[in-house]
Amino acid sequence: MKYPKPTFKERYENYIGGSWISPVDGQYFENISPIDGSKIAEVPRSGKKDIDLAVQAAHKAATRWAKTSASQRSEILFKIADRMQKNLEKLAIVETWDNGKAIRETLAADIPLAIDHFRYFGSVIRAEAGEISDIDADTVSMEVHEPLGIVGQIIPWNFPILMLTWKMAPALAAGNCTIIKTAEQTPISALILFELIGDLIPPGVANIVTGFGPEAGKPLAQHPDIKKVAFTGETTTGRLIMQYASENIIPVTLELGGKSPNVFLESVMDKDDAFLDKAVEGLVLFAFNQGEVCTCPSRALIQENIYDKFMERCLTRISAITMDDPLDSDTMMGAQASNDQYEKILNYIDIGKQEGAEVLIGGEKYANSLYPQGYYIKPTVFKGHNKMRIFQEEIFGPVLSVTTFKDQDEALKIANDTTYGLGSGVWTRDIHQMQLLSRGIEAGRVWCNCYHAYPAHASFGGYKKSGIGRETHKMMLNHYRHTKNILISYDKHKLGFF
Amino acid sequence: MAIERVLATEKAKAIINKLRETHGELIFHLSGGCCDGTAPMCFEKGEFLIGARDVCLGSVHGCKFYMASDQFEYFKYMQMTIDISKGRGSSFSLEIPLGLRFMLSSRLLDDKEVTQLLPVEMNTNI
């Protein structure tokens with residue numbers, strides 16, 4: 001099915017204090033669709049003054065919001081989910097046009113996962129509790145949760161609505177107000193989401209500001225009234241965010257990417273059955289979201305005795321990937337999110353060739369006859385070794401680097417030979433091997449006989465340089481609140497010191 | 001003849017000049033990972049805290065160029081060129097409001113060229 005190109009307003013504004021507010025300095029920038037390189041609309045080029053306005057609006061709302069009951073906040077999160085459900089198709093089309101990804105993914109993954117995420121956090125806050133301990137017969141210790149206050153959340157461009165949800169849902173559930181800065185490349189979908197759900201949230205509790213990193217992101221990260229910053233992006237900005245946070249002594253959570261190994265053991269080829277078919281798809285998932293996923297399984301490690309036969313099947317599957325019209329639900333892969341991302345991926349393909357890696361498929365841009373001005377790259381597979389740059393650096397494109405290993409020990413060594421540790425995959429029919437490898441791999445997520453599943457009730461985050469803290473799962477609530485200890489004595493007698 | 005590790009195209013130099021007029025002395029730090037990884041991030045000197053494990057690969061058009069030492073392991077035998085492209089990066093790099101993005105292209109050096117590479121500096125400017 002082919003979906004229509006969405007229509008947009010000429011210009012959008014920031015969402016601050018429950019209203020649409022023009023940027024103080026009156027400046028806007030153009031948002032471009034990567035599908036055809038055309039202008040979508042103008043959005044605010046916000047600066048420090050706009051961040052200050054948003055913080056003031058959040059400040060007004062914070063005390064009352066922090067005192068709402070869990071059931072009130074839960075009800076709001078459920079209403080957001082219901083409103084999104086009713087508008088799923090609209091949001092999916094907008095997300096596809098803003099980001100470039102294929103509509104089949106926004107319809108089946110981005111928006112449904114976001115909806116479920118709001119429901120998840122709406123649910124867990126109703127069922128969780130603090131802790132009470134009897135220290136001794138007369139002393140009771142209570143661990144009570146309290147929101148941090150106002151938080152700053154900087155959203156990446158690869159899953160604009162889903163990543164906004166991953167950050168906003170737990171922050172609101174825990175009783176915080178938030179200032180969200182959307183990504184420069186994909187600012188629109190969050191604004192359209194708030195056109196739909198804004199009336200459900202008390203004014204000032206959630207605010208959206210668009211703009212550029214050095215002009216809007218920096219004053220948000222440095223603002224003295226911001227009590228925590230959450231950021232998804234690369235390591236240099238991650239370090240800057242930590243640096244700014246150190247000025248105010250506030251916590252950060254960072255998700256900084258990966259170079260995830262996807263390990264295929266010989267037993268996957270023991271039978272020609274549904275599981276083998278699933279494993280082949282598991283390798284081809286490097287092309288999911290055009291490879292623009294922090295957990296992209298961008299390194300495939302294949303046991304050498306099955307390499308030829310397994311790879312043959314995978315290459316057949318990759319050659320069947322369709323990528324013409326991202327708005328057609330039969331299309332499997334869309335456009336890269338921006339021009340500079342497109343150029344960077346092509347530079348990496350060049351580096352892979354210079355380093356002597358063998359191109360097994362793809363290795364060039366894709367001439368999309370429907371959208372000649374869009375940013376399309378063919379799914380690409382290189383065969384090489386783990387010391388090459390294409391095995392060590394996150395390309396963030398549909399580029400897979402494949403190598404082989406002799407045995408389980410070598411597989412583990414190669415899997416862990418990376419500065420990152422976000423995602424990973426293990427494919428085997430041997431449960432003992434699965435246990436050894438899943439515990440041996442240094443990464444925050446090990447998918448065993450599956451990949452790219454993101455249930456809300458499973459934690460997500462990085463080891464090593466992939467970041468600090470976790471997202472998703474109810475443990476996320478504790479990244480958005482203080483623990484207060486109330487220590488009560490029922491003893492009427494003094495200590496006796498004075 | 002000594003070989004520089006980092007070069008810049010004339011277009012990139014023009015943008016560096018423009019940014020220097022507004023912001024003063026500049027440095028580059030190469031990012032890693034995720035959405036805007038392996039991009040030369042341009043900051044005012046002193047904005048980004050250079051760490052003890054950052055390597056300085058030399059100066060390019062008057063700007064020191066740094067990257068993390070573990071990342072440098074894979075750049076040892078490369079010559080990089082900073083170029084400029086139209087586009088939007090998501091980071092705090094100074095050229096982004098201009099609707100431009102610094103990009104890095106790389107060339108693998110041959111064995112002879114590698115021996116002529118200028119040495120890197122560790123722990124400088126701290």
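Two strands count as paired if DSSP finds at least two bridges between them. With that in hand, let's walk through this predicted model, starting with a hairpin.

In chain A, β5(A) and β6(A) form a hairpin, and 2 residues lie between the two strands. Strand β5 spans residues 131-136 of chain A and strand β6 spans residues 139-147 of chain A; they run antiparallel to one another and share 5 bridges. Within β6(A), A:Glu143 is the residue that faces A:Glu131.

Which strand does β6(A) also pair with over 9 bridges? That partner is strand β24 of chain A, residues 481-489, again in the antiparallel sense. Here A:Ser141 has A:Leu487 in β24(A) as its bridge partner.

The two pairings can be set out as follows.

| Strand pair | Sense | Bridges |
|---|---|---|
| β5(A) and β6(A) | antiparallel | 5 bridges |
| β6(A) and β24(A) | antiparallel | 9 bridges |

Now for the domains. Chain A is assigned domain 1, made of 14-256 + 466-484, and domain 2, which covers 261-448. Taken over C-alpha atoms, the centres of domain 1 of chain A and domain 2 of chain A are 31 Å apart. To their contact, domain 1 of chain A brings 19 residues and domain 2 of chain A brings 25 residues.

On the domain 1 side of chain A that touches domain 2 of chain A, α3 (88-99) and α4 (103-127) of chain A supply at least two residues each. The most comes from α4(A), with 4 residues. Sorted by class, that side of domain 1 of chain A holds 6 nonpolar, 8 polar and 5 charged residues.

Conventions:
Residues are numbered from 1 along each chain as its sequence is written. Chains are lettered from A and ligands numbered from 1 in the order in which they are written. This is a predicted model: local features need pLDDT of at least 70, side-chain atom pairs count only at pLDDT 80 or more; totals for chains, interfaces and linings use all residues. Domain bounds come from an automatic or database domain assignment. Two residues are in contact if their C-beta atoms, placed from the backbone, lie within 7 Å. Ala, Val, Leu, Ile, Met, Phe, Trp, Tyr, Cys and Pro count as nonpolar, Asp, Glu, Lys and Arg as charged, and the others, Gly among them, as polar.
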